[in-house]
Amino acid sequence: MSVQSIRPFEPVVKDAAANFHGLQVVYLCWDKHLMFYAPIAKMLPPSMTFGELIDAEITPAYSRHPDFARIDWSAVEWRKDGEAFTPALDKSLADNGITHKTAIHFTTPGLDGIGGSGF
Amino acid sequence: MSDVFIALQTNEESRYIVEALLQDNPNAVVDEQPAMVKINVPGSLVLKRETMEEVTGRAYDLQEMQIHLITLSGHVDEDEDEFRLAWND
Amino acid sequence: MDMSVKKKLGLKEKYALMTRDLGWEPSYEKHEDVFPLIHYEGLKIHDWDKWEDPFRLTMDSYWKYQAEKERKLYAIIDAYNQNNGHLNVTDARYINAMKIFLSAVPSLEYNAHRGFARLGRHMAGVGPQVACQMQAIDELRHAQTQIHAISNYNRFYNGIHDWKHMNDRLWYLSVPKSFFEDACTCGPFEYIIAISFSFEYVLTNLVFVPFVSGAAYNGDMGTMTFGFSAQSDEARHMTLGLEVIKFMLEQDPDNLPIVQKWIDKWTWRGVRLLTIVAMMMDYMLPKRVMSWKEAWEIYFEENGMSLFKDLARYGIKVPDCVEQIKKEKHHISHQAWTTFYAAAPMTNFHTWLPNEDELDWLSEKYPETFDTYYRPRFEFFREQAEKGERFVNPNLPQLCQVCQIPMLFTEPDEPTQIAYRQVEHGGEKYHFCSDHCQHIFEDEPEKYVEAWLPVHQIMQGNCFAEGDDPTAPDFDPIASVLKYWHIVPGKDNGDFAGSEDEKNFAQWRGMATSNQ
C-alpha cells in the first residue's frame, strides 16, 4: 500500500545517510541485558574497525554491567540485521557489511543478566 | 448481555442523578471511586426527567446532567423526557 | 384575544430547526469544490442527513452549559490558589506525574482543536459540522485551562517552566506529539476514527481514572478541577466517536475494510501512547487508584469488548493487536519506569525507586511477572544507589520509527528479549518495536520516513544550544542538548530524593502546618 494524499508529494527521508556528516548510524544491543532498556544508537565512521567498535563503543556503553568483565569475546554470537554473522575484527564496519542503520545484536552464552534474569 | 455505564463527578447535583438512576434502573450497580461515581447496568439504562424533578423538587432539563458527566458507554438516545443508554447486541 | 400558548419546542424539533435547517446546498459552486477532502480516502457517503447527534445539543444550550462549567472551574482554581492547594498533595513525588501530563497534553488538546476545526469545515453534512465545531471549541478550552493550570505548579516546582518549547523538542514528548500530528495529517475520516473513536471512545477511560480520580485521591484539587471540567465534555466526544463509526458503516458496505484498518491502526497507536500512563498509574501516584492491568481489564477487556460485540453486526472485528496487549499489560508499566529511571538525566521530571510498600503493592497487582522480572531490577538499582553509584544508562536509545518510543518492549511471549522488527524501503532500513508498528509503516511508508526522531536529530546536529560549537575541542554534546531543551541538569531532573522540589515542599508544608 502507499499513502493517500490530496496531491502528489515527494517524501523527505529524514534520516538518509547523507544527513549524518559522513558518519552512519549503527544500532547495538547486548541481548538479555535489559538494564540498558533498549538497543543503543551510535553514529560511527564506516572506516572504524569492528575491533575498535568493541573497544571504543561497546565497552563504555555496557561496562557498567557486572556480566561485562566476564565476557568471553571468542564465544560471543553476533547478528547483523537479524542474520548470524562472524565479524572480522580487523576489518572496517563497511567491509563487515555494516551500512547505515544496520542493527547489530549480540548474545554472550552463559551470561544472561543478573541471576540469569535477562536484566 | 454487556453492561452500559455512566460515570459522574461526586457532587451535590449528581447525588440526585444517582438517586433517580437507582429508582428507574433496579439492576443498577453503584461503583464509588475517588471523586467519581460509576453506575453500571446490564444492557440499558434510563434517566427520566420526571424522576429527576421528583427527587430535586424543581424543573429539570436533562441536558444539565452534562455538566457532571465524566464518561459513559453505550449508544445514547436523548429527548426532553428521557436519557437512554443501550447496547444493540 | 388569542389565548393559545405556543408549545415549547421539543428537543428533537429544536435540534432540527437550529441545526439541520441551517445547512444548504451550494447553487453556483460545485459540491466537490466546496468539500474537496471527502473523497480521496475512499469512503463512500450517500446521505449526510443520516448522521445522528444523539445529544441533540444546539449552540445556545452549548454555550449555556460550557459557561457553567467554566464558572465552576475557576471557582475551584481560585480556592486552590487561595488555600495553597499544592501543599495538600499526598507527597511531592506526585507532582512529577503532573509534570508529564502538563508537558504532553496541552499541545494534544490544541492539536485536537485544530483537527476538529478542520473537520467542522470539511465534513459535508450539518450534523457532523456542528458536532465537530463544538468539539473544536471544547478542545481549545481544554488547552487553555491546562496551560493556565501549569501556572499553579511551575511557580513552585521545577521542570515545567517552558512546556511548549520542550514539547517541540524533548525526546519523550515526541511520542505524544507525533501521535497527534500523524492524526492531523490524515484525511478527515481517518482523523475522526483516530481521535473520536479509537482514542476518545476506546481508550480515554484509561486516562480518566488515573489522572482525575487519581488526582483527587492524592489531594490535588487543581488537577481534579481542570480534569473534571475537561471530562464533562468527553462523554459528548465519545458519543461522536460511536456515531461516526455507525454512520460510515451504514452508508456503504465498501467502507468496512477501510474503517477496520483505521481502527486497527489507531487502537495500537493509542495503546503505545498510553504506556506512559500505565507507568504513571503504577509508579507515580503515591496513593494508587488501581493498577494499569486492572484498568485495562475493566475499561478495555470488559467495556471495550461490549463495544466490539455491538459493532460485530457491521462486520467490525476486534483489532489483532489486542492479543498482544493482553500479554503486555503485565509488563509495560515496569519496563517504562525502569527506562525513565535509567534515563533520569535526560528528562524534565524526577524519578525514584519504589519503597517497600510500593514494591509489595506491585507484587500483589502483578503476581505473574513482578517478582520474577521486575523486583530484582529495583533491588539492583537500590544496591547501586546505596553504594553511591546510582545507575544511569549512558547511551542514547534506538527509537521505533512509528511510535517513536525507545525500543524497550519485549517479545510478547519472551519478556527478557527485546522485540526487533525491521524492513527495507527505498534502499533505507527502518526499525520497529512490534509487528503492529511495522504494519502501520508498511501501509504508508511515505508518511513515516519523514518521522522526526529525536535521537537521529541530535546526531545530525539539529538539537544543540544556539551558539554552541560542536567542533570545539571541549564540546559536550549532551550538555548542549539539555541546554537546547531548556533543562537544567539535577534541578529539573534526576532523583527526587535530594531535589530542590523535595526540599521546598517539605519546608513549605512545614510552614503551612506550624508557626515556625
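I checked which helices line the largest pocket. In chain C, H7 (174-184), H11 (255-273), H18 (435-443) and H19 (445-448) each give at least two lining residues. Helices here are DSSP runs (H or I, at least four residues), numbered from the N terminus. This is a predicted model: local features need pLDDT of at least 70, side-chain atom pairs need 80 or more, and totals for chains, interfaces and linings use all residues. Residues count from 1 along each chain as its sequence is written, chains are lettered from A in the order written, and side-chain values use heavy atoms, without hydrogens or water.

I noted 45 lining residues, with Asp182(C), Thr185(C), Glu444(C), Lys447(C) and Tyr448(C) nearest the pocket centre. Lining residues have an atom within 4 Å of a pocket point.

I then looked at H7(C). 10 of its 11 residues are buried, so the rest of the structure largely encloses H7(C). Buried means under 20% relative accessible area (1.4 Å probe, protein chains only). Asp182(C) is among the buried ones. The buried residues of H7(C) pack against H4 (95-122), H6 (163-167), H8 (188-203), H11, H19 and H20 (454-460) of chain C. Contact means heavy atoms within 4.5 Å.

Next I looked up Asp53(C), in the loop between H2 (31-34) and H3 (59-82) of chain C. Asp53(C) is buried without a salt bridge (a Lys or Arg side-chain nitrogen within 4 Å of an Asp or Glu carboxyl oxygen). Arg20(C), the nearest side chain of opposite charge, is 7.0 Å away.

Last, I checked the chains. No contact joins chains A and B.

Notes: 1 Å grid on protein atoms, 1.4 Å probe; cavity = no way out; pocket = protein on both sides within 12 Å on 5 of 7 lines; lining within 4 Å. Buried < 20%, exposed > 50% of the residue type's maximum accessible area, 1.4 Å probe, protein only. Lys, Arg positive; Asp, Glu negative; His and termini not counted.
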